[in-house]
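Hi,

Here is the structure I promised to pass on. Have a look at it first, and then read my notes below.

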Amino acid sequence: MAIEKHHVKSKLAVAYQLIHTPEVSGHIPETELLRESAFHRMIKKYDAIYLKPDQGRKSRGVFRIEKLKNNEFQLRSGTSTTYVHSKDLWNKVKSKTEGSRYIIQRAIDSVTKDGRHFDLRCHSLRVNGKWKVGGICGRLGEKGSIVTTSHYGGTPILLDTLFTKHLKYTNKEKTEMKRRLERCVVKSVRHVSRMYPSLKEFAVDIGIDRRKRIWIFEVNIEPLIRGNFKMLPDLTLYRKIKRLRKIAK
Ligand SMILES: Nc1ncnc2c1ncn2[C@@H]1O[C@H](COP(=O)(O)OP(=O)(O)OP(=O)(O)O)[C@@H](O)[C@H]1O
Ligand SMILES: [Mg+2]
């Protein structure tokens, strides 16, 4: 994979870079370019998978496919749910994804105690040559939704609220998780920045499974803070990131 592709967004290129980085490879869900062979292999191996446009944003064109009983599969997107028999599945996927380059990724069970999907937006900046975490916030998907973005009914939420109210972490678990997250974010952006040496900020989208394992869904190369940090009930992190942006320039 070419490492010189500055500013060309590719979820796959970033995932490959990180999969081949021993320090962080354990945090990357298996990810491949969507092709028939890869699709059949992954759908056999995992109970659920995500399909995402390689250059997608705002969760547009994202699908989740889940294995049910009797060779049936459930296919969900932002707005619809359909059911497909295994023999028709690949044709259905092909027609839904035609015209765009897609990736296929193992689904991570990043859900709250009451079953809502969530992820974490971890904003990182290079300040005086050093990568640091500017802020982490949660994104809580609407009930029944497969994505978490505010463009599809999701709610940005303070990390502390997510951990306490929705995941029932103790204070000790919260402190430990924050420490692990920050280390994971800094390690991964340090490596991704080699692909994009001129960029001074990234945002890592992270899921946490029921066993508290940390999984990186993607690393955003041109992260916005309007649709997440700016929508939090407390603007401390939003202001902090804006301040750090000025220093980083
Ligand atoms: N492997 C996965 N397992 C579980 N959920 C996932 C996975 N990949 C993505 N998601 C969910 O799907 C959504 C979109 O994924 P992703 O961030 O890769 O795409 P995006 O188009 O950049 O969307 P956004 O702009 O909302 O971040 C996220 O809200 C995330 O919670
Ligand atoms: Mg994203």
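**Around Val204**

Setting aside neighbours within four places in sequence, Val204 is in contact with Cys122, Ser124, Val185, Ser188, Val189, Ile216 and Val219. Keep in mind that this is a predicted model.

Val204 also turns up in the largest nonpolar core, which has 56 residues. Together with Leu51, Ile104, Cys122, Ile206 and Ile216, Val204 is among the members that touch the most others. Each of domain 1 (31-106) and domain 2 (110-248) gives this core at least three residues. As background, nonpolar side chains in soluble globular proteins tend to be buried together.

**The ligand**

What sits around ligand 1? A shell of 22 residues surrounds ligand 1, and the closest are Ile108, Asp119, Val147, Thr148 and Thr149. By type, the shell splits into 7 nonpolar, 8 polar and 7 charged residues.

Which strands supply at least two residues each of that shell? They are strand 2 (48-53), strand 6 (102-106), strand 10 (201-208) and strand 11 (214-220). As for domains, the shell around ligand 1 takes at least three residues from domain 1 (31-106) and at least three from domain 2 (110-248).

**The two domains**

The protein chain is divided into domain 1, covering 31-106, and domain 2, covering 110-248. Their C-alpha centres are 25 Å apart. How many residues are in contact between them? On the domain 1 side there are 6, and they meet 5 residues of domain 2. The side of domain 1 that touches domain 2 is made up of 1 nonpolar, 2 polar and 3 charged residues.

**The chain as a whole**

In secondary structure, the protein chain has 6 helices and 11 strands. Its radius of gyration is 18 Å, close to the 18 Å that the globule rule gives for 249 residues, so the chain is as compact as a globular protein of that length. Along the principal axes, the C-alpha atoms fill a box of roughly 55 × 45 × 30 Å.

Of the 249 residues, 35% count as buried. If you take the contacts with a separation of 6 or more, 57% of them are between residues 24 or more positions apart.

Cheers

Definitions and conventions:
Residues are numbered from 1 along each chain as its sequence is written. Chains are lettered from A and ligands numbered from 1 in the order in which they are written. This is a predicted model: local features need pLDDT of at least 70, side-chain atom pairs count only at pLDDT 80 or more; totals for chains, interfaces and linings use all residues. A residue is near a molecule or strand if its C-beta atom, placed from the backbone, lies within 6 Å of it. Helices (H or I, at least four residues) and strands (E, at least two) are DSSP runs, numbered from the N terminus. Ala, Val, Leu, Ile, Met, Phe, Trp, Tyr, Cys and Pro count as nonpolar, Asp, Glu, Lys and Arg as charged, and the others, Gly among them, as polar. Domain bounds come from an automatic or database domain assignment. A nonpolar core is a set of buried Ala, Val, Leu, Ile, Met, Phe, Trp, Tyr and Cys residues joined through C-beta atoms within 7 Å. A residue is buried if 20 or more other C-beta atoms lie within 10 Å of its own, exposed if 12 or fewer, and partly exposed in between; C-beta atoms are placed from the backbone. Two residues are in contact if their C-beta atoms, placed from the backbone, lie within 7 Å. The radius of gyration is taken over C-alpha atoms; the globule rule is 2.2 Å times the number of residues to the power 0.38.
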